[in-house]
Amino acid sequence: MRNSRIAGVGHYVPDNVVTNKDLEKIMDTSDEWIRERTGIVERRYFQEGVDTTANMGAAAARKAIQMAGLEATDIDLIVFATLSPDYLFPGSGVLLQRELGLKEIPALDVRNQCSGFIYALSVGDQFIKTGMYNNVLVVGAEIHSTGLDFSTRGRGVSVIFGDGAGAVVLTPSESNDRGILSTHLHSDGEFAEELAVTAPNSNKKERLTHEMIDDGSVYPYMNGNMVFKHAVTRFPEVIEEALNKNGYKAEDIDLLVPHQANLRITSYIQQKMQLPAEKVMSNIHKYGNTTAASVPIALSEAYEEGRVKEGDLVCLAAFGSGFTWASALIRW
């Protein structure tokens, strides 16, 4: 069975930079408070009439396709991860297909939030392994800024999230010891409501009501302590799982690219895995938490910075709403 490899990476972030100082003007918060709790200094917000979830994904995809030495028409499967699709339905995968001018290829949407990109990567990997498809476009894209509560009530969540997109192109590897070595996916629905948007929902006679808007259930809710507690447990577990599966140890990792949830979580993982700072990619200070887009954006930036080179052992890992968590180990 053949391996898949990442042949191209790319990312896109909106031009609109929103700093912590900007948020101070619209809610009771402070730059110091945000930096101390999250490590975030600024984030990007979409520009109305310019950015959509699908066209940001397309911008990232074009860069990844070019790096892979392919044409858009060479893509034979799209796997699109997002929690903030352009519409309730159809999914953003078909809109991306339209943006790229592709005809009749399958487009699959993945809804696994912060773990979404690695779940999507695993799906693409399996299709290449079986020989069904050869060139798979995997995208993570989010527009959070239109769905946040920009009041003091919502500040604990709203200061965290930003908008952006990242993409990779998967192609068959010429060697079984190169490319995606393994992926590992997990979930535990017991804690589903600890990080969730519970409205609108299908459990009411009226799908969306004024009561839902008034009580704030249309906005993200996060039990921060609960999420932190589980994240710092599951991240090291799923990284170790990938390493053990392939006969490696933490010190063999050349670069760890974790989901950019919170700088404190990333720092804990780094300490727990006993990795030096140069082996852990962190860009949350610039972009905040971009959910399904965070891992591919970070991977793309790491590649641009020369931190990912041929032959490197790269580990991707994520944890988020669901709860879901996942990892992928890659020989670049």
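Visitor: How do the axes of H3 and H4 cross?
Guide: In this predicted model, the axes of helix H3 (residues 53-67) and helix H4 (residues 92-99) come within 9 Å and cross at roughly 55 degrees. Axes here are lines fitted to C-alpha atoms, for helices over the stretch in contact, with angles from 0 to 180 degrees between N-to-C directions. Helices are DSSP runs of H or I with at least four residues, strands are E runs of at least two, and both are numbered from the N terminus.

Visitor: So what do you call H3 and H4 relative to each other?
Guide: H3 and H4 are therefore oblique to each other. Under 35 degrees would be roughly parallel, over 145 roughly antiparallel, 65 to 115 roughly perpendicular, and the rest is oblique.

Visitor: Which residues of H3 and H4 meet?
Guide: From H3 there are Thr53, Ala54, Asn55, Gly57, Ala58 and Arg62, and they meet Ser92, Leu95, Leu96 and Glu99 in H4. Contact means heavy atoms within 4.5 Å.

Visitor: Quick check, how was the model treated?
Guide: Residues are numbered from 1 along each chain as its sequence is written. The model is predicted, so local features need pLDDT of at least 70 and side-chain atom pairs count only at pLDDT 80 or more, while totals for chains, interfaces and linings use all residues; side-chain values use heavy atoms, leaving out hydrogens and water.

Visitor: New topic. Which residues does the "active site" annotation cover?
Guide: The unreviewed UniProt entry puts that annotation on Cys114, His259 and Asn289. They are spread over 176 residues of sequence, yet they cluster in space, with a largest C-alpha distance of 8.8 Å. UniProt positions follow the numbering used here, feature names are shortened, and annotations may be inferred rather than shown by experiment.

Visitor: Where is Cys114?
Guide: Cys114 is in the loop between strand S5 (107-110) and helix H5 (116-130).

Visitor: Is Cys114 buried or exposed?
Guide: Cys114 counts as buried, because its relative accessibility is 10%. Buried means under 20% relative accessible area, exposed over 50%, and partly exposed in between (1.4 Å probe, protein chains only).

Visitor: What is Cys114 in contact with?
Guide: Leaving aside neighbours within four places in sequence, its contacts include His259, Asn289 and Phe319.

Visitor: And where does Asn289 lie?
Guide: Asn289 lies in the loop between helix H10 (284-287) and helix H11 (294-304). At 5% relative accessibility, Asn289 counts as buried. Beyond neighbours within four places in sequence, Asn289 is in contact with residues including Cys114, His144 and His259.
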